[in-house]
Amino acid sequence: QQTGMITGRVLNVSNGNYLEQARVAVEGTALDTFTDAAGYYRLTRGAVVRHIAFLHFAIYFFAIYFAAYPLWRETGGVNMRYLGSVMAYPLLALLGMAAATAIAPTIAFRGDRVTANAREMRLVVVIVTVFLAVYAVYLRSLGTEIPLFGVIGGGDLKASRLARYLATKGYTGEGVGGFRLFYWVPRLMLDYFASFTVVFAFYLSRAKGRSFAWFLPIFLGLVFLTFLQVEKYPAMKLAVILALCLFNWRYPVLRARAILLGALLIVFGTFFMGFVYGTVAGGYRTEGREGALEKIQLTGELGIGMLTTRGMVGQAKPLRVIYEIVPSYYDYFGGRTLANPHDLLPYQKVTLPFVISDTYLTNEPGVQVSDPTVFFGEVYANWGLTASLIAMFLFGFVAQLGQGALARRIDAGGTCWDVAFFYLMYLWLGDFALSFSTPYYDERAYFFVGLIILRRIVVGRRSAPAPSAHWQAAP
């Protein structure tokens with residue numbers, strides 16, 4: 001109740017008294033953070049990392065919430081709808097989750113026993129083989145324009161960035177055989193199915209009693225595929241998913257002793273991000289950093305830079321821009337920014353990420369820059385503040401329904417596939433912390449449905465447990 005009162009004051013405080021706004025904002029931010037974290041911990045009964053919305057909120061707090069106040073002050077502290085919405089979202093989503101527990105009381109999967117199913121193993125191998133075959137044709141069509149070759153070969157970085165854009169985002173059909181299939185199949189493989197495969201292989205190694213050395217080449221091979229397209233975020237997603245698997249394996253419930261492992265994973269993740277960025281963006285070309293110690297220091301600097309600039313301010317600023325340009329410069333879009341699959345709906349789609357970036361960024365020749373749109377920010381851009389507040393509550397409600405359904409399946413004799421699909425949805429909801437137009441409908445929707453149908457056809461409605469091949473979860 002106290003958090004709600006402060007959030008309400010932030011939404012309604014007068015624009016004239018900047019000092020009062022700043023004081024209320026700081027009070028509200030500190031109290032909201034503590035209240036939301038405590039409420040989420042209590043709702044999940046301590047199994048915070050095993051809840052489907054954990055990655056979503058972890059990304060949101062780091063990339064949006066903690067950067068919102070400095071960005072708000074940067075513009076004079078006058079955009080109260082922006083700051084108030086950022087603060088209100090975790091509370092309203094938590095209330096939605098709490099309301100949904102009446103329908104979906106299962107809070108977090110136990111994972112007491114995860115079974116290995118031979119048919120699922122063969123199905124994953126077949127899908128990976130098909131993906132790799134398409135990816136090989138895709139790389140062959142790129143020829144010498146494979147982005148990584150331009151970066152590590154000492155070529156012009158601007159030309160390499162353009163090659164990356166054309167190879168991964170410039171849906172023009174030029175240079176890749178003229179088929180959009182060559183775009184989204186590899187991106188699905190690198191962005192999502194690679195994470196699914198990492199989780200599946202990890203739990204399979206546990207179920208079969210195999211060592212970590214058996215699993216590691218699979219992970220490193222998938223990371224290498226992301227490097228070929230100089231894609232930073234898919235490689236980082238793989239590292240995050242692996243870290244979460246390791247954490248959940250050791251600590252199903254978050255306790256004080258788990259903090260050390262979490263801190264170590266964060267430190268390792270920072271260096272990994274620096275390594276990824278230094279590799280795919282040409283960061284290691286810096287003169288005077290030729291020695292091993294200099295390279296290690298540079299890796300840490302690049303990782304911290306990714307966290308503080310791209311990870312925080314770079315993600316929160318576009319949301320602030322939405323509240324600045326709507327409705328001041330653009331009328332509410334009334335749904336026109338949402339996807340229009342195959343132009344079946346009676347409107348021409350407005351690509352909001354392009355509108356945002358064009359407001360304050362200058363594109364390189366041949367490149368259309370886009371910015372992320374937090375889902376409630378896009379709802380606001382279409383229908384206003386009230387609709388966005390309702391969407392915050394509904395997100396938590398729907399997320400908890402999904403948590404209940406997937407967790408019940410895992411606990412009722414779930415397989416490695418069931419756990420991997422849970423993490424797939426876990427990752428998908430994580431993307432909603434930064435964007436909306438793309439994740440809620442694109443080729444991923446077909447892919448998720450396709451996975452469910454394929455499993456139903458090949459394996460059946462429910463996999464039979466294999467008593468000789470199971471992994472007992474940590475107590």
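The model is predicted, so local features need pLDDT of at least 70 and side-chain atom pairs count only at pLDDT 80 or more, while totals for chains, interfaces and linings use all residues. Residues are numbered from 1 along each chain as its sequence is written, and side-chain values use heavy atoms, with hydrogens and water left out.

Asn 382 belongs to helix α14 (residues 375-383); helices here are DSSP runs of H or I with at least four residues, numbered from the N terminus. A polar atom of the Asn 382 side chain lies 2.7 Å from the backbone oxygen of Glu 378. Setting aside neighbours within four places in sequence, Asn 382 is in contact (heavy atoms within 4.5 Å) with Tyr 332, Phe 333, Gly 334, Gly 335, Arg 336, Thr 337 and Leu 338.

Turning to a loop, His 51 sits between α2 (18-43) and α3 (54-74). His 51 counts as buried because its relative accessibility is 0%. Its side chain makes a polar contact of 2.8 Å with that of Gln 400 (a pair of N or O atoms within 3.5 Å; within protein, one must be able to donate a hydrogen and the other to accept it, and residues adjacent in sequence count only if both atoms are side-chain atoms). The C-alpha atoms of His 51 and Ala 407 are 8.7 Å apart, although 356 residues separate the two along the chain.

Technical notes: Helix = DSSP H or I, 4+ residues; strand = E, 2+ residues; numbered from the N terminus. Buried < 20%, exposed > 50% of the residue type's maximum accessible area, 1.4 Å probe, protein only.
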